[in-house]
Every structure is written in C-alpha cells, then in structure tokens.
Amino acid sequence: MPTYQRLPISFKKGEGVWLYTKNGDKYLDALSGIAVNTLGYSHSKFVKAISQQIKNLIHVSNLYNIEEQCLLGKELAFLSELSASFFCNSGCEANELAIKIARLHGHDLKIQQPEIIVMDNAFHGRTMATLSASGSRKVQAGFEPLMSGFVRVPFDNIDAIQEIASKKNKISAVFVEPIQGEGGVNIPQNFESYLKSLRGICDKNNWLLIFDEVQCGVGRTGTWFAYQNSTIKPDVVTLAKGLASGVPIGACIANEKASNLISPGKHGSTFGGNPLAMVAGLKTLEIMKEESLLDNALSQGQLIVSLLKKEFEHNDKIISIRHMGLMIGIELRNSCGALVELAMNNKLLINVTSDKTIRLLPPLILNNDEAQLVARKLVKTINEFLKKT
Ligand code: PLP
C-alpha cells in the first residue's frame, strides 16, 4: 500500500554504523532505523547469538514455558527496578497493554469510564487506541471516531494536570513520553522536577504513572531507561525499537501493583516473547554492558552537540540544539524537511521530525571518529541548506 513517502535509495548491507547500497556507496547512519539498531549493523556477537537461536528454535507458543522469556523478563525487572514484563512485537502493542492496564486500574478504583491524561504532540503509535492517545491531528485525521477516554494537556506543564486533578475524578493514569521523539525531541525544561511532580500527583490521586520509552529507552539517554536520569520510577514503562537491535520486539514492564491487574486470559500475543526475539533482547543488553554503551551514548552525544553548538551557537536560524545522550534534536526557525535529501547527498542519514527539527538517533556503538564525522557532515548539510533558503 502507498503507506510511506520513501526516499529514492535502498540498502543491501550494513556494517557498524554504515549502510551500503547495491553499488557499494557507503552512508553514515545517524538514525539507526529510527532508534532500532542499537548495536549498529552485523555486530558479530549479536549475529552469532541469533543465528544459533534460529538453528535451535525460532518460535514456540506461549502455551509453554519459554526460558529465554523468563531471562529477559528478569533482566528488565532488574534494570528497571520494576517487577514483571509482557512481551509483544512493537511499540504500539506495548502501549496497548499499558492503556489496558490503566483501564483495569480505573475499574479497580470503581470508575465506570476511566480516563487517561495524555500530552499534546505525543506519539504512541498507529493502532486505534495509540493514535487516539497521540497528540497529532496528522496521525488521527480520517480515522474518526477516535477512542474515547483520553484527556489532553500540554507537555511539560504540571499546572494543567493539577487543574484536572482538582476537578475530575475519572482519571486513572498519566501516560507520557519522558522525552517526546516524533513530537520534536522535546525534553522537559527541568527533567527531574517534571518527572518528580508527575510522580507526586499520581501518588496523591492513586493514578498510575506510565512512561512510553519506546524511543528514548534502552540506553539512548545514557541510562537504561530515560526516567533513570531522575530519581523517580513509573508504575509502567513501555519499550520496543532498540531493545533487540532490529529483531521485532515490544515490552510492557510494570511494578507489582500494575502487573497484578493482569490475569490469564486478559491479554496475549501469538508471536510476542518468542525465543528468537528474547535472545536478541538478551544479547543486546549483554553487549551494551560489555561495551559500556551507556557511557558511550553520553560521551558521543556530548561530542556531537558540542561541535554543533560551536558552529551554530550564534546563528539565529537555529532555534535550539537539545539532547540527552544520543537522542539529539536541532530545531530550525523554518521548515527543513529538504535537509534529509541534502544530507543523503553528503552520504549522511538523518531525519526531520515535527517539520522543523532535525533528529539524530545514531547507533549506540558510534565511536569518536564517527561522531565527529556525523557532526562535520551535518554542519556542511545545514550550511548548504541555510544558504539556499
Ligand atoms: N511510542 C513512541 C514514543 C514512538 O516513538 C513510537 C514509534 O515511533 C511508537 C510508540 C510506536 O512504535 P511502533 O512503530 O513500534 O508501533
């Protein structure tokens, strides 16, 4: 179906942070399949582990115990300091369960029609529930009637939530990306204070706090979970994209209070949690530890941003350069979609989101030289673009 506006290029092979066309042209990938290829391409240990798993067992039903699923569940419980996981195949699926849990919690509170607080400019996926929760008309238009049960507030605005808390008694959860990805790499002005206030309001009102870390999770911000850049924990967090380095996966992770709302028959997935995806997840996390990729995300993110700031600090066509680890947004004064093809001409893969924000989400294995090259290629591209406009 004509779902995508594709760029006129295709790739045959990947190695490290590089993608290769059929003709052998080499592109520096600063997007990693939109935050998916955590370990870059063809990581030898990763390829070996999943190849072995393919030989042993790709899929077995959740009718049976799946040892690899228990192992990944335990590892995620350890890293998140929450207690249990449900595995599925994508971000929107993980969010579907988070929304179902919020509703179960609401009914537990004896609310007949529970509602969830969601944010302007949020993106949670393309299923009916997740597009209804998303804060973008572009995503929703044409799909009405939308799913009801969402109350929208501006992102990074605690007063708006306080106001709802003072009036409404139908809320059961707050659902938010700690850093908005598709919405323009929006980082709360005071990350710690915003997350802490959200936790406080949720505790006071007995609402669940649910974080969508499908894009910002799995080490990208220099911690396993973005919320670990603060001192609080959510009740539920969702992951997908980078968790298995390219093998489809999603995870909804919850504390005891939230996971106890689920019982056999309430949710499920045919493919979710199969041995191949679980080994891909386990191996991704193992290699991330072995290669200190959290620290690397911090230092390479810092390096790229400092080089960009040096070049553009006093340029009034650049509104802001913001980042946490290797989640980087460069907001321009004007629309800049055309930059993507200009960058491609310079053999650099980037993306523009929310019309005016260049987004970089490179693989977490990016080394110093490659980080400098990303910055150099991007500076050249932005300067070419600014000269033309
Ligand atoms: N949530 C966030 C924050 C995302 O960035 C995305 C995808 O971009 C999704 C959910 C949806 O994930 P998927 O495309 O795997 O369904």
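How do the residues of the shell around the ligand divide into nonpolar, polar and charged? They divide into three nonpolar, six polar and four charged; here Ala, Val, Leu, Ile, Met, Phe, Trp, Tyr, Cys and Pro count as nonpolar, Asp, Glu, Lys and Arg as charged, and the others, Gly among them, as polar.

## Basis

This is a predicted model, in which local features need pLDDT of at least 70 and side-chain atom pairs count only at pLDDT 80 or more, while totals for chains, interfaces and linings use all residues. Residues are numbered from 1 along each chain as its sequence is written, and side-chain values use heavy atoms, with hydrogens and water left out.

## Ligand shell

The ligand is surrounded by 13 residues, the closest being Gly91, Cys92, Asp212, Gln215 and Lys241; a residue belongs here if one of its heavy atoms lies within 4 Å of the molecule. Helix 4 (residues 91-108) gives the most to this shell, with three residues. Helices (H or I, at least four residues) and strands (E, at least two) are DSSP runs, numbered from the N terminus.

On its own the ligand has 390 Å² of accessible area, of which the protein covers 82% (Shrake-Rupley method, 1.4 Å probe).

## Serine 90

Serine 90 sits in the loop between strand 4 (84-88) and helix 4. Its side chain makes a polar contact of 3.1 Å with the side chain of glutamate 93. Leaving aside residues up to four places away in sequence, serine 90 touches Ala240, Ile249 and Gly250, where contact means heavy atoms within 4.5 Å.

Strands in the order 1-2-3-13 form an open sheet of four with mixed pairing; two strands pair if DSSP finds at least two bridges between them. Strand 1 (13-15) and strand 13 (348-349) each have a single partner strand, so one side of each is left without a neighbour in the sheet. Strand 3 (residues 26-29) pairs with strand 13 in the parallel sense over two bridges, and aspartate 29 has leucine 349 of strand 13 as its bridge partner.

Helix 13 (residues 368-388) lies across strand 2 (18-20), strand 3 and strand 13, at about 100 degrees to strand 3. Axes are lines fitted to C-alpha atoms, for helices over the stretch in contact, and angles run from 0 to 180 degrees between N-to-C directions.

A four-stranded open sheet has the order 11-12-15-14 and antiparallel pairing. Its edges are strand 11 (318-324) and strand 14 (351-353), each with a single partner strand, so one side of each lacks a neighbour in the sheet. Six bridges join strand 11 and strand 12 (residues 327-332), with arginine 322 opposite glycine 329. Helix 11 (residues 293-312) lies across strand 11, strand 12 and strand 15 (357-360), at about 170 degrees to strand 11.

## Backbone details

Glutamate 144 and proline 145 are joined by a cis peptide bond with omega of about 0 degrees. Serine 42, although not a glycine, has a positive phi of about 55 degrees.

Notes. Polar contact = N/O pair within 3.5 Å; in protein donor to acceptor, adjacent residues only side chain to side chain.
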